[in-house]
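Subject: Structure for you to look at

Hi there,

Here is the structure I promised to send over. Please have it open while you read, and my notes follow below.

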Amino acid sequence: MAYDENNIFARILRGEIPCKKVYEDDFALAFHDINPQAPVHVLVIPKGPYVSMADFTAHAPEELVVGFMRAVGKTADELGLVEPGYRTLANAGEHAHQEVPHLHIHIFGGKPLGPMLIKGWEGTI
Ligand code: 5GP
């Protein structure tokens with residue numbers, strides 16, 4: 001999929017749309033999700049035009065890949081989630097219901113998060 005320069009996260013990166021910032025460095029921006037699904041729900045996005053994890057890891061410079069992953073860890077740390085625990089998740093494509101076509105890692109925390117996926121898929125694939 002070609003990168004859409006006008007997707008909502010590209011516009012947040014350009015400062016055209018506001019966000020509740022949690023962390024920022026040269027490689028990444030982290031901000032609160034507008035529709036939180038846990039007491040803490042933060043999105044971390046790389047500063048570059050990448051649709052998905054596959055696109056990012058295939059095409060981004062190494063410095064950005066490393067810097068982005070470090071930013072995810074730093075964000076979780078700054079949110080105070082390391083000791084109680086947290087979950088990271090990156091949706092990609094249709095089966096994962098990716099809504100915004102700019103790579104983003106969700107960080108969920110602030111309560112026990114339950115099982116990783118809803119049960120009941122067995123036999124449906
Ligand atoms: P996806 O389904 O693509 O993995 O997740 C996209 C996430 O972006 C959703 O959790 C949604 O609530 C969040 N989101 C969509 N638009 C905005 C926005 O304008 N600002 C913020 N902060 N989050 C957004």
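**Salt bridges**

Four salt bridges turn up here, counting any side-chain nitrogen of Lys or Arg within 4 Å of a carboxyl oxygen of Asp or Glu. Before I go on, please keep in mind that this is a predicted model, in which local features need pLDDT of at least 70, side-chain atom pairs count only at pLDDT 80 or more, and totals for chains, interfaces and linings use all residues. Residues are numbered from 1 along each chain as its sequence is written, and side-chain values use heavy atoms, with hydrogens and water left out.

Which residues are linked in a network of salt bridges? They are Arg 11, Arg 14 and Glu 16. Glu 16 meets Arg 11 with an N to O distance of 3.2 Å, and Glu 16 also bridges to Arg 14, where the closest N and O atoms are 2.7 Å apart.

For exposure, I call a residue buried under 20% relative accessible area, exposed over 50% and partly exposed in between (1.4 Å probe, protein chains only). Glu 16 has 43% relative accessibility, so it counts as partly exposed. Arg 11, at 32%, is partly exposed, and Arg 14 is partly exposed at 41%.

Another salt bridge joins Glu 24 to Lys 21, with the closest N and O atoms 2.6 Å apart. Here Glu 24 is partly exposed, at 37%, whereas Lys 21 is exposed, at 51%.

**Aromatic pairs**

There are three aromatic pairs in the structure. The rule takes rings of Phe, Tyr and Trp (its six-membered ring) with centres within 6.5 Å; planes under 30 degrees apart are stacked, over 60 edge-to-face, and the rest tilted.

One of the pairs is Phe 9 with Phe 31, edge-to-face at 5.5 Å centre to centre and 75 degrees between the planes. Phe 9 sits in helix α1 (residues 8–13) and Phe 31 in strand β2 (residues 28–32), so this pair ties together parts that are 22 residues apart in sequence.

Tyr 50 is buried at 10% relative accessibility, and Phe 56 is buried at 0%. Ring pairs also bring in Phe 68, giving a cluster of Tyr 50, Phe 56 and Phe 68.

**The ligand**

How many residues surround the ligand? The count is 17, and the closest are Asp 33, Asn 91, Glu 99, His 104 and His 106; a residue is included if one of its heavy atoms lies within 4 Å.

As for individual atoms, a polar backbone atom of His 32 is 2.9 Å from a nitrogen atom of the ligand. An N or O atom in the side chain of Asn 91 is 2.8 Å from a ligand oxygen, and a polar side-chain atom of His 104 lies 2.8 Å from an oxygen atom of the ligand. Taken alone, the ligand exposes 520 Å², of which the protein buries 87% (accessible areas by the Shrake-Rupley method with a 1.4 Å probe; for residues, only the protein chains shown count as cover).

Best wishes

Methods: Helices (H or I, at least four residues) and strands (E, at least two) are DSSP runs, numbered from the N terminus. A polar contact is a pair of N or O atoms within 3.5 Å; within protein, one must be able to donate a hydrogen and the other to accept it, and residues adjacent in sequence count only if both atoms are side-chain atoms.
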